[in-house]
Amino acid sequence: MLQRFHVGPRLSEYAIFNQVVYLAGQVPEDTTQDIVGQTQNVLEQIDRLLLEAGSDKSRILMCQIFITDMANMAGMNQAWDAWVAEGNSPPRATVQAALANPDWLVEIVVTAAQK
């Protein structure tokens with residue numbers, strides 16, 4: 001059964017199908033932060049949504065990270081490395097992209113298995 005959560009007119013925050021959680025791209029709520037702060041903020045949102053969906057960061061199947069400037073890769077990785085579940089680093093892609101809001105430095109999309 002397909003379920004959608006926090007459904008808005010344009011997107012849902014996440015969907016669950018066959019015990020797989022698909023999160024929408026998560027973006028920083030506080031755009032005054034640098035890349036480390038923005039990444040930490042996004043990862044906190046991912047933690048919250050995965051918990052709500054019956055999953056957690058140790059169950060991430062795939063992660064896609066979009067950053068606006070590859071010069072920010074080290075700072076993004078600093079926040080990521082402190083957050084990722086030890087021994088459970090998921091497959092990941094990181095690309096440079098122009099994001100919808102010029103104040104966003106990072107957007108992260110994850111797919112995870114439910115517990």
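Modeller: Let us begin with burial: a residue is buried under 20% relative accessible area, exposed over 50%, and partly exposed in between, with a 1.4 Å probe and protein chains only. By that definition, 44% of the 115 residues of the chain count as buried.

Colleague: What should I know about the model itself?

Modeller: This is a predicted model, in which local features need pLDDT of at least 70 and side-chain atom pairs count only at pLDDT 80 or more, while totals for chains, interfaces and linings use all residues. Residues are numbered from 1 along each chain as its sequence is written, and side-chain values use heavy atoms, with hydrogens and water left out.

Colleague: How many helices and strands does the chain have?

Modeller: The chain has two helices and six strands. These are DSSP runs numbered from the N terminus, with helices being H or I of at least four residues and strands being E of at least two. Read from the N terminus, the order of elements is β-β-β-α-β-α-β-β.

Colleague: Why is the chain described as compact as a globular protein of that length?

Modeller: Its radius of gyration is 14 Å, close to the 13 Å from the globule rule for 115 residues, so the chain is as compact as a globular protein of that length. The radius is taken over C-alpha atoms, and the rule is 2.2 Å times the number of residues to the power 0.38.

Colleague: In what order do the strands sit in the sheet?

Modeller: The six strands form an open sheet in the order 1-2-3-6-4-5, with mixed pairing. Strand 1 (3–7) and strand 5 are the edge strands, each pairing on one side only. Two strands pair if DSSP finds at least two bridges between them.

Colleague: What holds paired strands together?

Modeller: Strands of a sheet pair through backbone hydrogen bonds, either parallel or antiparallel.

Colleague: Which sense does strand 6 take with strand 4?

Modeller: Strand 4 and strand 6 pair in the antiparallel sense over seven bridges, and Met62 stands opposite Thr111 in strand 6. Strand 3 also pairs with strand 6 in the antiparallel sense, over three bridges, and there Val21 stands opposite Ala112.

Colleague: And is strand 6 enclosed or open to the outside?

Modeller: Strand 6 is largely enclosed by the rest of the structure, because eight of its eight residues are buried. Val106, Ile108, Val110 and Ala112 are buried on one side, and Glu107, Val109, Thr111 and Ala113 on the other.

Colleague: Which strands does helix 1 lie across?

Modeller: Helix 1 (residues 35–52) lies across strand 1, strand 2, strand 3 (20–23), strand 4 and strand 6 (106–113), running at about 25° to strand 6. Axes are lines fitted to C-alpha atoms, for helices over the stretch in contact, and angles run from 0 to 180 degrees between N-to-C directions.

Colleague: Let us turn to strand 5. Where is Thr94, and what does it touch?

Modeller: Thr94 is in strand 5 (residues 92–96). Not counting residues up to four places away in sequence, Thr94 touches Ile65, Ile67, Met70, Met73 and Met76; contact means heavy atoms within 4.5 Å. Strand 5 pairs with strand 4 (residues 60–67) in the parallel sense over five bridges.

Colleague: Is Thr94 buried or exposed?

Modeller: Thr94 counts as buried because its relative accessibility is 17%.
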